[in-house]
Amino acid sequence: MTEQGFTATDHAMMARALRLAERGAYTTRPNPMVGCVIAHGDEVVGEGWHQRAGGPHAEVFALQAAGERARGATAYVSLEPCAHTGRTGPCADALVAAGVARVVAAMRDPFPQVDGVGFDKLRAAGIVVQSGLMEAQARALNRGFISRIERGRPWLRVKLATSLDGRSALASGESKWISGEASRLDVQHWRARAGAIVTGAGTVLADDPSLTVRLEDDTPFEPPLRVVLDPGLATVARGRVREGDAPTLYIHAPDAKPPRGINAQLAAVPVREGRFDLDAVLRLLAERGVNEIQLEAGATLAGAFVSAGLVDEILLYVAPVLLGDHARPMFEGLSIDSMAQKLKMTIVESRYIGQDVRLLLRPEKAD
């Protein structure tokens, strides 16, 4: 046994369960991604993952694959088995009925209707329960779901393309294309895992984006909600963001009046001193089941979210080009006047995407 009380086999099986869970990255929302492996020692007898919201959970697929061999086995699950009846039955009950001897979970489920109740059910049935194995990896995998449940707001990722001199667009607003084709294809996978892609009215007017997911293969995905922050509903009747199968929501000021004859999803959010209450925007989207947001907007809106302390990570594509000192910055409105005020970022990952460098950055936590 390791000092944490888990064997090398336990670690290997949980790593396998986490890899399985990740297969549902584009299809499970608003549910979390979950993987399950059922094993006798190092022999896997069944495995599965949650494939789609409303469908069977990971444990059900794994138990079906294991059949009678589930009896006396260990079930490795990336998240605490559910204990309530929603669109599917409780997985804790299914594990009890199958006769598993031990359940190892990466983490508790923070969802209020589960949160420890699943473990209690299992223990009450005489099943050995252990949790905390590879918890950091499990939390990272479901960071959006956990953020929505624990913080009441989605995980917010800002996607940006920049030149070597830190410019996001020309002075005219033109930004197509700073990054290369490989980066533009790569960003589609990040869009696919988002519950919502958010932009501002200015970007809709200047760039006319469609904000849809365009994957090269047949990978299944649920189209993310497209969200336009438009105080006066200036864009509600125009733009490619209204086209296609993906739903579109326009968030507007309370006093905005929609044009007649427009059939669109609308939601009002308070405006303070001419700016949206961005906390309220995020709470609204959390209430709609959005786990992760990908913000694809101009420097003003991106800067506003950074200034409000609401950005969880930045997905930055740095292209080997220079745009000059008249071009626009990545963020506006940060009002940093001294080095003591600088916002420190941690580079979580860096890699080449074609000729560009992709950086994943997260704000450093205050001491």
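The legends below describe close-up views of a predicted model. Residues are numbered from 1 along each chain as its sequence is written, and side-chain values use heavy atoms, with hydrogens and water left out. In this predicted model, local features need pLDDT of at least 70 and side-chain atom pairs count only at pLDDT 80 or more, whereas totals for chains, interfaces and linings use all residues.

**View 1. Packing of helix H2 against helix H3.** The axes of H2 (residues 58–66) and H3 come within 9 Å and cross at roughly 20 degrees. Helices (H or I, at least four residues) and strands (E, at least two) are DSSP runs, numbered from the N terminus; axes are lines fitted to C-alpha atoms, for helices over the stretch in contact, and angles run from 0 to 180 degrees between N-to-C directions. H2 is therefore roughly parallel to H3, a term for angles under 35 degrees. The crossing of H2 with H3 is left-handed, meaning that the near helix is turned anticlockwise from the far one by less than a right angle, and right-handed is the term if clockwise. Glu59, Val60 and Leu63 of H2 make the contact with Cys91, Ala94, Leu95 and Ala98 of H3, where contact means heavy atoms within 4.5 Å. Six nonpolar residues, no polar residue and one charged residue take part in the contact of H2 with H3 (Ala, Val, Leu, Ile, Met, Phe, Trp, Tyr, Cys and Pro count as nonpolar, Asp, Glu, Lys and Arg as charged, and the others, Gly among them, as polar).

**View 2. Packing of helix H3 against helix H4.** H3 (residues 91–98) and H4 (residues 117–124) have axes 9 Å apart and pack at an angle of about 20 degrees. H3 and H4 are therefore roughly parallel to each other, and their crossing is right-handed. On the H3 side, Ala92, Asp93, Leu95 and Val96 meet Gly118, Lys121 and Leu122 of H4. The contact of H3 with H4 comprises four nonpolar, one polar and two charged residues.

**View 3. The second largest pocket.** This pocket holds about 1,000 Å³ of space. On a 1 Å grid over the protein atoms alone, a pocket is an open set of points with protein on both sides within 12 Å along at least five of seven lines, a cavity is a set where a 1.4 Å probe fits but cannot get out, and lining residues have an atom within 4 Å of a point. Grid points are joined across faces, edges and corners, and a volume is the space filled by probe spheres set on the points. Of the 35 lining residues, Val311, Asp312, Arg362, Pro363 and Glu364 lie nearest the centre of the second largest pocket. Elements that each supply at least two lining residues include helix H5 (135–141), helix H10 (299–307) and strand S18 (356–363), while H6 gives the most, with five. The lining of the second largest pocket has 19 nonpolar, four polar and 12 charged residues.

**View 4. The largest cavity.** The structure holds one cavity of 30 Å³ or more. The largest cavity contains about 120 Å³ of space. Among its 16 lining residues, Asn31, Met33, Arg193, Asn291 and Glu292 are the closest to its centre. H6 contributes the largest share of the lining of the largest cavity, three residues. That lining comprises five nonpolar, seven polar and four charged residues.

**View 5. Backbone details in two loops.** The peptide bond from Arg29 to Pro30 is cis, with omega near 5 degrees. Pro30 belongs to the loop between helix H1 (8–22) and strand S1 (35–40). Met134, in the loop between strand S5 (128–131) and H5, has phi near 60 degrees, a positive value in a residue other than glycine.

Technical notes:
Angles under 35 degrees count as roughly parallel, over 145 as roughly antiparallel, 65 to 115 as roughly perpendicular and the rest as oblique.
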